[in-house]
Amino acid sequence: MKFITLTDANQETRKYTINVNDIACIETYVNDDGKLFTWIYEKGIDEGTIYVKETEEQILNALERQQTIEQILKNAVR
């Protein structure tokens, strides 16, 4: 399984470990006051959503890094 850790947007001391295979959607928007909001929609979380501090771009970068690490490890084993 592949996991990433994200920070709760309302309580930064709270972290979520998310199974990347369960992410259904990442929603980020900026309100009229310029405040950024990001939600993760996942099958494995109560009510299916969490409000996180990271932006969609940061989350996607973390997922790409995870894939790169896995590819490097896979090639090193050969």
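Trp39 comes out at 22% relative accessibility, so this residue counts as partly exposed: the cut-off for buried is under 20%. Keep in mind that what you have on screen is a predicted model. Trp39 is a handy place to start, since several other features can be reached from there.

Look at the ring of Phe37. Its centre sits 5.8 Å from that of the Trp39 ring and the two planes are at 10°, so the pair is stacked. Phe37 itself has a relative accessible area of 15%, and is therefore buried. Trp39 also makes a stacked pair with Tyr51, this time with 5.2 Å from centre to centre and 25° between the planes. Trp39 belongs to strand 4 and Tyr51 to strand 5, so this pair ties together parts of the chain that are 12 residues apart in sequence. Tyr51 is buried, because its relative accessible area is 17%, under the 20% limit.

What is the order of the strands in the open sheet? It runs 3-4-5, with 3 strands and antiparallel pairing. Strand 3 (23-30) and strand 5 (49-52) are the edge strands, each pairing on one side only. On average, neighbouring strands here are turned by 20° against each other, ignoring direction. Strand 4 covers residues 36-42 and pairs with strand 3 in the antiparallel sense over 7 bridges.

Next comes the helix. Helix 1, residues 56-77, lies across strand 3, strand 4 and strand 5. Helix 1 runs at about 145° to strand 3.

Which residues make up the largest nonpolar core? There are 10 of them: Ile4, Leu6, Ile18, Val20, Ile26, Ile40, Ile50, Val52, Ile59 and Ala62. Strand 1 (3-7), strand 5 and helix 1 are the elements that give two or more residues each to this core. So strand 5 turns up in two places on our tour, because Tyr51 in strand 5 pairs with Trp39, while strand 5 also gives residues to the core.

Finally, the charged side chains. A search of the whole structure turns up 2 salt bridges. In one, the side chains of Asp8 and Arg14 meet at 3.6 Å, N to O. Are these two partners buried or exposed? Asp8 is buried, with a relative accessible area of 6%, whereas Arg14 is partly exposed at 39%.

The other salt bridge joins Lys53 and Glu12, whose closest N and O atoms are 3.1 Å apart. Lys53 sits in the loop between strand 5 and helix 1, and Glu12 in the loop between strand 1 and strand 2 (15-19), so this pair links parts that are 41 residues apart in sequence. Both partners here are partly exposed: Lys53 has a relative accessibility of 45%, and Glu12 a relative accessible area of 47%.

Notes:
Residues numbered from 1 in each chain as written. Predicted model: local features only at pLDDT ≥ 70, side-chain atom pairs only at ≥ 80, totals over all residues. Heavy atoms only, no water. Pairing = 2+ DSSP bridges. Helix = DSSP H or I, 4+ residues; strand = E, 2+ residues; numbered from the N terminus. Axes fitted to C-alpha atoms, helices over the stretch in contact; angles between N-to-C directions. Contact = heavy atoms within 4.5 Å. Core = buried A, V, L, I, M, F, W, Y, C linked by side-chain atoms within 4.5 Å. Buried < 20%, exposed > 50% of the residue type's maximum accessible area, 1.4 Å probe, protein only. Salt bridge = Lys/Arg side-chain N within 4 Å of Asp/Glu carboxyl O. Phe/Tyr/Trp six-rings, centres within 6.5 Å; stacked < 30°, edge-to-face > 60°.
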